[in-house]
Amino acid sequence: MQILQVKTAEDFSNVTPPVGSVLLYPQINEDGTVSLHAKKPDGSTSVISGNDASLAPMLEVMEFIADNHSLIVGFDNIPVITEGTDDDGNPTQELPFQAIVIGDGNTYGPGVYMRGNGNTNTLGFVTVTGHNNKTYQFQTFIGDNNDFQTAVNVTVIGNSNKGNDQAYGSLILGDMNTANARFAVIGGYKNTVSARGARVFGRYLTISNDPANEYGFFTGEKEIGFASRVNKKVLNPLYNPTLDTGKTGTDSKGERQYIPKLAFSAQYRGRLTGTTLEVTGASGLVSLDHDHYNRWKITPTAAVIPELENWLDNDEGELIIYNGGSKIQWPAEWNWIGDIPELGTVNIFELKKIDNSIHIKDKMTAGSGNVKSVNNTAPDENGNINVTIPSIEIGNNGNWFIGGVDTGSPARGQTGNSGLDGTITAVLSATEPNASSYPEGAIWIKR
């Protein structure tokens with residue numbers, strides 16, 4: 001509610017307060033008593049009378065509210081007084097305006113709402129519900145013991161969080177987190193974020209001030225379990241190392257050595273497991289719906305036809321067949337990479353969609369199972385696959401002929417250059433001579 005105050009009875013009579021406000025007129029009577037007149041927006045009035053001492057506290061509160069549009073309820077709350085000069089050069093002191101403080105021991109500036117004890121603020125325009133928070137400007141705190149004395153536009157829901165002057169525009173949900181970078185979003189416990197715009201959800205995570213981490217998404221427990229990055233780190237061509245004598249990574253003109261460049265990547269720790277649909281006692285059409293699963297286990301009891309649903313370009317999945325025998329009828333439009341196997345105890349297949357085609361590959365066969373075809377040639381009634389091997393021979397022209405067709409390739413290589421004439425020295429004797437008694441390279445011939 002807005003409280004308006006007038007100084008004369010005439011003004012009180014002529015002025016009607018707007019909706020949501022009340023008009024007050026304090027009147028000092030001839031007998032020394034004081035009357036406090038009040039008027040509502042509907043024009044109705046009321047009056048409270050008493051001596052000056054009894055009404056003085058009320059009048060003081062009303063005057064403070066009317067002059068400063070502020071309401072302070074509690075003990076030992078300290079306003080931040082703005083000092084200046086008037087038009088005549090006289091010193092002035094201005095109390096915070098539009099402040100609402102409910103609690104004890106708070107220090108407050110203009111435009112604040114504080115509900116709690118021991119909160120501090122100097123520049124104003126903050127909303128605080130809690131105790132012992134240290135605030136700056138344009139902040140919202142719900143919780144206790146948060147410390148953001150040098151960053152603006154910060155929202156905190158939790159306890160014992162803190163940030164430096166780089167934490168502009170940060171959002172924190174949780175306890176004991178630290179924001180050292182702009183636009184950080186932190187959820188959890190004891191996380192420290194130093195990369196601009198990083199989104200972090202977890203506990204005990206540390207995100208370093210690396211350009212590759214800026215505006216990325218991170219989650220985990222002590223270690224990063226999953227990271228989705230939208231940048232990579234590249235050298236800044238404007239960075240001048242001669243202006244960075246302390247090797248801080250930022251030169252005196254504010255240029256960083258490395259800057260972010262848009263590049264998408266994902267990283268995870270441990271395993272990334274898909275969702276499996278198990279179909280036992282299957283028969284007829286069995287849907288492989290990629291909107292819900294990417295792994296299927298089928299145990300057929302009768303003829304089964306696998307049917308793909310909701311597959312997009314580059315989708316892939318794994319199909320496992322138990323004791324398939326001759327029960328699986330493969331769709332004719334599927335493209336096999338390699339030979340089609342006979343189904344054994346367990347068969348594992350890899351499927352992938354490329355453009356509008358489905359490609360399938362046999363990854364593993366366990367138990368009994370034979371090759372179902374070779375080069376699209378099926379086994380005969382005895383289970384044998386007859387493959388004709390073409391004849392390979394050398395034609396009259398000296399070329400290789402395969403299946404009676406001249407390949408154009410000579411069967412004999414080109415004639416090489418003649419070697420140099422050689423000389424052999426031989427030693428003829430009944431016993432092997434001492435090596436030192438005949439020339440180097442000579443051979444011994446036993447007589």
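A: Begin with pairing: two strands pair if DSSP finds at least two bridges between them. Helices (H or I, at least four residues) and strands (E, at least two) are DSSP runs, numbered from the N terminus. This is a predicted model, in which local features need pLDDT of at least 70 and side-chain atom pairs count only at pLDDT 80 or more, while totals for chains, interfaces and linings use all residues. Residues are numbered from 1 along each chain as its sequence is written, and side-chain values use heavy atoms, with hydrogens and water left out.

Q: Which residue stands opposite Glu-223 of E23?
A: The residue opposite Glu-223 is Glu-221. Strand E22 (residues 217-221) and strand E23 (residues 223-235) run antiparallel and are joined by 5 bridges. Their hairpin has 1 residue between the strands, and Lys-222 takes a positive phi near 70 degrees there.

Q: How many bridges join E23 to strand E24?
A: E23 and strand E24 (residues 258-268) are joined by 9 bridges and run antiparallel. Within E24, Pro-260 is the bridge partner of Lys-233.

Q: In what order do the 12 strands of the open sheet with mixed pairing stand?
A: The order is E5-E9-E11-E12-E13-E14-E16-E18-E20-E22-E23-E24. Strand E5 (71-73) and E24 are the edge strands, each pairing on one side only. Neighbouring strands of this sheet are turned by 15 degrees against each other on average, direction ignored; the axes are lines fitted to C-alpha atoms (for helices over the stretch in contact), and angles run from 0 to 180 degrees between N-to-C directions. A parallel pair is formed by strand E18 (residues 185-189) and E20, joined by 5 bridges. Tyr-189 stands opposite Arg-203 in E20.

Q: Why is one side of strand E15 and of strand E21 left without a neighbour in the sheet?
A: Four strands form an open sheet with parallel pairing, in the order E15-E17-E19-E21. Strand E15 (162-163) and strand E21 (206-207) stand at its edges with a single partner strand each, so one side of each has no neighbour in the sheet. Strand E17 (residues 178-179) and strand E19 (residues 192-193) pair in the parallel sense over 2 bridges, and Thr-178 stands opposite Thr-192 in E19.

Q: Which residues touch the most other members of the largest nonpolar core?
A: A nonpolar core is a set of buried Ala, Val, Leu, Ile, Met, Phe, Trp, Tyr and Cys residues joined through side-chain atoms within 4.5 Å. Buried means under 20% relative accessible area, exposed over 50%, and partly exposed in between (1.4 Å probe, protein chains only). The largest core has 25 residues, of which Val-112, Phe-148, Val-193, Ala-198, Val-200 and Ile-207 touch the most other members. Strand E12 (126-129) and strand E14 (152-157) each supply at least two residues of this core. Apart from it lies another core, of 19 residues, among them Leu-288, Trp-296, Leu-319 and Ile-321.

Q: Where is confidence lowest, and where is it highest?
A: The predictor's confidence in each residue is its pLDDT, from 0 to 100. The protein averages a pLDDT of 85, and 86% of the residues score at least 70. Helix H2 (residues 52-68) has the lowest confidence, at a mean of 52, and strand E20 (residues 199-203) the highest, at 98. Where pLDDT is low, the predicted coordinates should not be read in detail.
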